[in-house]
Amino acid sequence: MNSLCVKPVANLDIPNRAESLCCSKSNVLFPFAGVNSRSARVLFLLVVPGHLVFLYTITLLQGGHMAVTLTFVLFYLTAALLQVGILLYVADLIVRLMWRKGLDPDNFSIPYLTALGDLLGTGFLALCFRLVILVAGADVKPGN
């Protein structure tokens, strides 16, 4: 999302053209809006196949302490989509803010985004486990 902003910028001098491209209203996930929306949509669409491959690998390796049921997969994919949507939106906002402040977003935004991703991922995964236990009740079978 940063690459379009970098092209016309030299020595962190933001020309008017770059400012209008990088610091406009944030509409990352909405179709037909903003210069970064196509990249965001592609990243968003890769979430489900990527996580399904991850869940399949975990099942093949017989890892985990809970069986991978349809209920868990649905909650897990919902949480993953929500996490990536939030991260894409926040990434767009942080990159714009960094450019306005004259900071290089590659150096300053990545630590915040990875920390937020870890926090959201851990929280949403714990919520998934809790929701599966609440929905399935005593029917939850441990994995290994």
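**Helix packing and nonpolar cores in a predicted all-helix chain**

Of the 144 residues in the protein chain, 28% are buried (under 20% relative accessible area with a 1.4 Å probe, protein chains only). The model is predicted, so local features need pLDDT of at least 70 and side-chain atom pairs count only at pLDDT 80 or more, while totals for chains, interfaces and linings use all residues. Residues are numbered from 1 along each chain as its sequence is written, and side-chain values use heavy atoms, with hydrogens and water left out.

The chain holds 6 helices and 0 strands (DSSP runs numbered from the N terminus; helices are H or I of at least four residues, strands E of at least two). Its elements run α-α-α-α-α-α from the N terminus. Among contacts (heavy atoms within 4.5 Å) between residues at least 6 apart in sequence, 71% join residues at least 24 apart.

Helix H5 (residues 70-100) packs against helix H6 (residues 105-136). Their axes come within 9 Å and cross at roughly 160° (lines fitted to C-alpha atoms over the stretch in contact; angles run from 0 to 180 degrees between N-to-C directions). H5 is therefore roughly antiparallel to H6 (an angle over 145 degrees). The crossing of H5 past H6 is right-handed (the near helix is turned clockwise from the far one by less than a right angle). This contact has 26 nonpolar, 5 polar and no charged residues. Ala, Val, Leu, Ile, Met, Phe, Trp, Tyr, Cys and Pro count as nonpolar, Asp, Glu, Lys and Arg as charged, and the others, Gly among them, as polar.

H5 also meets helix H4 (residues 47-60). Here the axes come within 10 Å and cross at roughly 135°. H4 is therefore oblique to H5. It passes H5 in a right-handed crossing. On the H4 side, the residues include His-51, Leu-52 and Phe-54; on the H5 side, they include Tyr-76, Ala-80 and Leu-81. By class, this contact has 12 nonpolar, 1 polar and no charged residues.

The largest nonpolar core has 12 residues, among them Leu-55, Met-66, Phe-72, Val-73, Leu-120 and Phe-124. A core is a set of buried Ala, Val, Leu, Ile, Met, Phe, Trp, Tyr and Cys residues joined through side-chain atoms within 4.5 Å. H5 and H6 each supply at least two of its residues. H5 gives the largest share, 6 residues. Val-73 touches Leu-52, Leu-55 and Val-68, not counting residues up to four places away in sequence. A second, separate core of 5 residues includes Ala-40, Val-47, Val-84 and Leu-88.

Notes:
Angles under 35 degrees count as roughly parallel, over 145 as roughly antiparallel, 65 to 115 as roughly perpendicular and the rest as oblique. Buried means under 20% relative accessible area, exposed over 50%, partly exposed in between (1.4 Å probe, protein chains only).
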